[in-house]
Amino acid sequence: MSSDKPQLTYPHLYFREPNPLADGNYPGFAPGSRVADGMRIDRDVEIPVRDGSVLYADVHRPADPGAAALPVLISWGPYGKHGGRSTAPSRSAASGVDPSWVSPYAAIEAPDPLFWCRHGYAVIYIDPRGTWSTPGDYTLASEQEAQDFHDAIEWAGTRDWSNGKVGLSGVSYLSIAQWRVAATRPPHLAAINPWEGLTDFYRDIAYHGGIPETGFMEVFARHSLGYSSTRVEDLERLAPEHPFDDAYWDAKRAVLENVEVPAYVVASWSNQGLHGRGTLEGFKRISSADKWLEVHGRKTWEYYYRPENVASQLKFFDWALKGEDNGWTERPKVLTEVRERANAGYVAQEREWPIARTEYVPLHLDAATGTLVDKPPLAEAEVSYPAQDGDGVGGTRFTYRFTERTRLTGHAKLRLWLEARGSDDADVFVALRKKDATGQEVPFPFFALYDNGPVALGWLRASHRALDERRSTPWQPWHRHDREELLEPGVPVALDIEIWPSSTLFEPGESLEVVVQAGDVVTGVLPGHRVTRNAGDHVIRTGGRFDSHLLVPVVADE
């Protein structure tokens, strides 16, 4: 279980001592084979990689595969191929996952080997370098990890029981790793299925709009990444030392344009603050000639394991890895769920993302009335709120009531003229909410376990307001995050705040509410932002010289 060959070095990294393997229910290193439920399970199989080190994997195959060579699915992630980070959350009542959907063999966020082996596949779970008993140092979404994963794909594609075609599947980190390795173009990689996986650690989770995320990042760094017999990258210490989008964060990005294999990409409107934005960016930027997008508004794990969605995964991989002419290529290129309320809505068929026929309509803020209006107010007005550290402390709201049936699908942007009184910076938290005809909030599923989500979220630290003009569009500002421009006393500045994509239907009499405040709008859940630069008061100016407005994506159904 050791190697004297050097791995890639990362002099800018800090490493920390790992969590005890026993705390992750690790059963111990025990190579061997057994047959159970019609599967041959080879445990702790050694996979050699290019620098002379090894990875350890569990390989699941049909016990009696017949004469046919097997296509291979690989799941790669740090949570333990043995189900080390308990699978209980993904099977809890809050997750929406019916226990009958998943067998005891399935690791968290990974395809169920029992299902796939029964359909003629081999399934490999791999513990990456530096996790559990795999030797070396664990480096998160690094070049080293991508090289190792590349070599593992090539190993799998050249086994005597393999048909030479490898596919990738899995949720969250198991999806992030897919973008990274697919960009290295392993010859035996034939298809990927990134299911809600971010593509930009800085913008998608570590620094929302330049504001440090302190909830999910802490849990992720301390617990999810912490199991190793050696050392793990100290993300919790490193993230605060890299407050700008620098080389540290850039090293974790895949060159998405290098991804060319067929891709079935699944994103969600509910994953605001983690995977929603990045998954859609991944779909937009990959070069694959054959790519399909599906965007839902449900809970993450529930949607991945729901039987009809597993059937879609099977159809995709049967086409891509087995060469079956099963009608997959006739599927619409883009499917988007248009949400009406929690777990209710309809699926729209589209040809591209973003949707080309989108009309981006400005709704103008009026501080005098607390409303959004169709025409810019002529009179200037202002509204202020206290800006103190703490969840939900201080804020204001603007409401727009619809007079006709309206579908909003896509990117939104809030242009806000803001002055900070009592501070040289301002952290602004934004949410879009749906209100029914009686004025009651309509909550939506949120992440994997929650039911109190908004339509969409946005964030921006005012000192990070500088835009990358090359990458920005009128509906999606792209902030540089490479420097600070502090605020001057008494001087309002224009902030263009990216609001993550969403899709919601509004009937006549229903309302869209814009919430602007000094702390997290959705509290008691992840993500969270405990530390801000807020003090004194925030002043929002509207009307006249101050074109504060919300740009919304109006899409007519065809």
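Trainee: By class, how many nonpolar, polar and charged residues does the lining of the second largest pocket have?
Mentor: This is a predicted model, in which local features need pLDDT of at least 70 and side-chain atom pairs count only at pLDDT 80 or more, while totals for chains, interfaces and linings use all residues. A pocket is an open set of points on a 1 Å grid over the protein atoms alone where a 1.4 Å probe fits, with protein on both sides within 12 Å along at least five of seven lines, and its lining residues have an atom within 4 Å of a point. With Ala, Val, Leu, Ile, Met, Phe, Trp, Tyr, Cys and Pro as nonpolar, Asp, Glu, Lys and Arg as charged and the others, Gly among them, as polar, the lining of the second largest pocket has eight charged, three polar and nine nonpolar residues.

Trainee: Which helix gives the most to the lining of the second largest pocket?
Mentor: Residues are numbered from 1 along each chain as its sequence is written, and side-chain values use heavy atoms, with hydrogens and water left out. Helices (H or I, at least four residues) and strands (E, at least two) are DSSP runs numbered from the N terminus. At least two lining residues each come from helix H6 (216-224) and helix H7 (235-238), and the most, three residues, come from H6.

Trainee: How many of the ten residues of helix H9 are buried?
Mentor: Buried means under 20% relative accessible area, exposed over 50% and partly exposed in between, with a 1.4 Å probe and protein chains only. Helix H9 spans residues 276-285 and is mostly covered. Its buried residues include Gly278, Glu281 and Gly282, and the number buried is eight.

Trainee: Which backbone oxygen does the side chain of threonine 199 reach, and at what distance?
Mentor: Threonine 199 sits in the loop between strand E9 (189-195) and helix H5 (201-206) and counts as buried because its relative accessibility is 12%. Beyond its neighbours within four places in sequence, threonine 199 is in contact (heavy atoms within 4.5 Å) with residues including Trp179, Arg253, Gly278 and Glu281. The oxygen reached by its side chain belongs to glycine 278, at 2.9 Å.

Trainee: Which backbone nitrogen does the side chain of glutamine 272 reach?
Mentor: Glutamine 272 lies in the loop between strand E13 (263-268) and H9, and it is buried because its relative accessible area is 2%. Leaving aside neighbours within four places in sequence, its contacts include Phe446, Trp459, Trp500 and Pro527. At 2.9 Å, its side chain reaches the backbone nitrogen of leucine 457.

Trainee: How many residues apart in sequence are the parts that the pair of tyrosine 26 and tryptophan 132 ties together?
Mentor: Rings of Phe, Tyr and Trp (its six-membered ring) pair if their centres lie within 6.5 Å, with planes under 30 degrees apart stacked, over 60 edge-to-face and the rest tilted. The whole structure holds 33 aromatic pairs, among them tyrosine 26 with tryptophan 132, which is tilted because the planes stand at 35 degrees, with ring centres 5.7 Å apart. Tyrosine 26 lies in the loop between strand E1 (15-16) and strand E2 (32-36) and tryptophan 132 in the loop between strand E6 (122-127) and strand E7 (137-138), so the sequence separation of the parts tied together is 106 residues.

Trainee: Is aspartate 44 buried or exposed?
Mentor: Aspartate 44 is found in strand E3 and has a positive phi of about 50 degrees, although it is not a glycine. Because its relative accessibility is 4%, aspartate 44 counts as buried.

How values were computed:
A polar contact is a pair of N or O atoms within 3.5 Å; within protein, one must be able to donate a hydrogen and the other to accept it, and residues adjacent in sequence count only if both atoms are side-chain atoms.
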